[in-house]
Each structure stands twice: as C-alpha cells, then as structure tokens.
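Subject: Structure handover, pockets

Hello,

Here is the structure we talked about handing over. My notes on its pockets follow below.

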Amino acid sequence: MTSILTTVPFVDLQLQHQPIQAEINQAIQSVIQRGDFVLGKAVAELETNFAQACGVSYGVGVATGTDAIALGLVACGIQPGDEVLVPANTFIATILGIVDAGAKPVLVDCDPEAALIDLQAATRLVTAKTKAILPVHLYGQLVSPRQLLDFAQAHNLIIFEDAAQAHLADREGYRAGSMGLAAAFSFYPSKNLGAFGDGGMVVTNNEAIAQKLRSLRNYGSPTKYVHTEPGTNSRLDTLQAAILNVKLPYLEGWNRARNVVAEEYDTLLLPLKNQGIIPIKNQSDQGHIYHLYVIRVTDECNLDRDTLKQRLESFNIQTGIHYPIPCHLQPAYKSLGYRVGDFPVSEALSRQILSLPMYPGLTTTQIQQVVTAIHTVLKRF
Ligand SMILES: *Cc1c(COP(=O)(O)O)cnc(C)c1O
C-alpha cells in the first residue's frame, strides 16, 4: 500500500538548478572564455556581492567552510594555546577549524529548545586563556546577537561566527556575519547557498583581516613570489564563484520559501505536541532561514527517534540526523578529555533530533505526506 506513495526526498537540488540552468551555463562559458581559472574576475565579484548581501565590507573566498574557520581565526589573531568557546552540538568541521588554527576548542552545552550555545554555561568556562567565542548559527537560526555582544564585551572576547548554515539569516536587526570580528560561510552544495562542489568565504568589516586572509589563502603571498608568512593554498575556485554569482540573487527568495515550508510544518505538527513531537524553537521569526527543519522526538513520545526514522523510510519519507554523535564524544577528539555526561543537553538532543525534508519547492502535498506519515507511525505503534 505504501508503494503507491512517491518518495519525499530529504533535499532536491535539481529543483533549484533546473530553472536557472541557462544562466549557469552562460556563467561557466564566460570563465572558460576568459581563462582566469584561479582567483579570476568571478571570485572578486562574488566577494563584493556576498559581503554586501551580509551588510559587511569585505569578503575573502576560500576553498571550504572549514578553511574559512581555520584561516579566519588565524587572521583574527588567534594563536596556539588560545581557548575558543564553541557549542558541543555542531557539525564536526567547526571543531576541526579551531584545531587547524592551532587553538583549543572549549566545548559548551546548548539550550534544549533552540539547540544554540548556552551563554550562561559559557560564562562558567571563561579562563585567562579564553580569546574568542565561536557561535554556530545552527539549522539557520542566529544565536541572539544582543546576548552574544553583551557576553563578548563582558569577557573581552572576539566573536567569530560559524555562519555555514545561516546565509542571510537575521535576528534583532543583525544579519549573519555582521555581529562579530569576522564570520565563516560554507558553499557546500546542500547549504542554502551552495556551489557545484566545495567553497567558502570569510566576511569581515576589518580591512587588515581581509588583507591577511587574501595572503593566507594564496601561499602566504601578499604580492606574487613574495612570501611574508607560511600560508596555504585555499582559494575559492573561479568556476564555483561564477555559479554562486548566478545563484546569489535568488537566495532571499529561496530562504523565504523555506520559511513558508517551516510554517506549514509548524501548523501541521502542533497537534503532535502532546505526543512528544516538538520542533526546535524558532526565536527569530522570518529571520530563521531553515537550513534544516528539525524536530525533537522527546522522551514523552511512545517511540524513539531511530524507530520513527526507520518507519518513515518505509513510507518513502527521507530524513536526516544533525548530528547523531555530539562533538565531545567523537573518537577523533578523545584527546580533548571529555566524557559521556559532560554535556547532557547536547547528548539528549543527539538522541532526539530528526531533520525532516526541507528545501525550496517542497510542496504542501509533500509536507502533508510527511506529517501524515508521522501521525500514522505514532498511531500504529
Ligand atoms: C558545512 C558546515 C561547515 C563546514 O563547511 P565545509 O564547506 O563543508 O568545509 C562548518 N560548520 C557548519 C556548522 C557547517 O554546517
């Protein structure tokens, strides 16, 4: 009986690219004709356009979001031994970026409702070595800029944003990338603004930091064949930049479409609240750009997250888990010395969260199909 239902995919990038295929082909052809494949015109254009969209003065394109964090922190003056406060529930690349920069990640628990860094918990972890706080705007929602700025000022810390999931998100009048000293973005294909491969960018209002980054990403070379520091090769590819330039003007519309999908989910899921199904809280209205739409299958629910996920698959509903293992329990970072029980909220969330299909173009019928399937699974159990 379930076989007659068409699959609801977790993401559908084709839906986004098909209508602008001709524009993208044209942009790619232009790069081929110019032949400026490395640090070409399209890279400089995207840097200007994207920084402007964020309401920030400078953008520096790099190879990945991970490099944007690592090189961005170095350019902001973070040094080996410096401590950086960071949420325990984030994608592992956040931690990787801090470690790559030579700094020490100091993990912080999150609040259970919005799943964002808990600034009260962070206060207790500030030491003489703490230099920065690295908030992650998880799932497309900004950490409260006002609270963040107060926190950073009180402890004399740099704010460096991980905005990899938050292109053009806003809250309290601040846009992603504009509240700190600098911010990192990723253009991984499935992000709200995604390339046809890897890509990243650091945005900042500080000219010296932008200049330092242009050198760091290009062999530590401010001028050709003059190497003033040990940099690396981490440039945003020109073809990717050309594609991103085509996509950028559509981003606001796509984000709006995601917001509408989220509102439909919110409404349809409301009756399931007393059965323990609770969406991650939106504390920023239309400013939330819903990179992911995440629900919690709480302990009040009559079945666990993994069972629900599995049953939904049999109804052809694809879902994800972001993320199933919190960073402090990842084998790769054992040396940080954390153990089970250190971050109870993050650990509980990792067992409860489920990401539902979310992308611009997801139809009302598909959203209904997802929620009906959840209803049916809960009833049958
Ligand atoms: C995607 C992502 C990154 C890493 O970006 P890459 O481009 O894949 O290196 C970092 N932090 C968060 C929160 C992300 O979602």
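A word on terms before the results: a pocket here is an open set of grid points, each a place where a 1.4 Å probe fits, with protein on both sides within 12 Å along at least five of seven lines. Its volume is the space filled by probe spheres set on those points. Please keep in mind that this is a predicted model.

Largest pocket

The space in the largest pocket comes to about 540 Å³. Its lining consists of 35 residues, and those nearest the centre are Q165, Y188, S190, K191 and H291. Both domain 1 (15-250) and domain 2 (251-380) contribute to this lining, with at least three residues from each. As for secondary structure, at least two lining residues come from each of the helices α1 (13-17), α4 (65-75) and α5 (92-100), and likewise from the strand β8 (182-186). Sorted by class, the lining of the largest pocket holds 17 nonpolar, 13 polar and five charged residues.

Second largest pocket

The second largest pocket holds about 280 Å³ of space. It has 13 lining residues, with K273, I278, P279, I280 and K281 nearest its centre. Two elements, α10 (251-269) and β10 (277-279), each give two or more residues to this lining. The largest share is that of β10, at three residues. By class, the lining of the second largest pocket has seven nonpolar residues, one polar and five charged.

Regards

Key: Residues numbered from 1 in each chain as written. Predicted model: local features only at pLDDT ≥ 70, side-chain atom pairs only at ≥ 80, totals over all residues. Heavy atoms only, no water. 1 Å grid on protein atoms, 1.4 Å probe; cavity = no way out; pocket = protein on both sides within 12 Å on 5 of 7 lines; lining within 4 Å. Helix = DSSP H or I, 4+ residues; strand = E, 2+ residues; numbered from the N terminus. Nonpolar A, V, L, I, M, F, W, Y, C, P; charged D, E, K, R; others polar. Domains from an automatic or database assignment.
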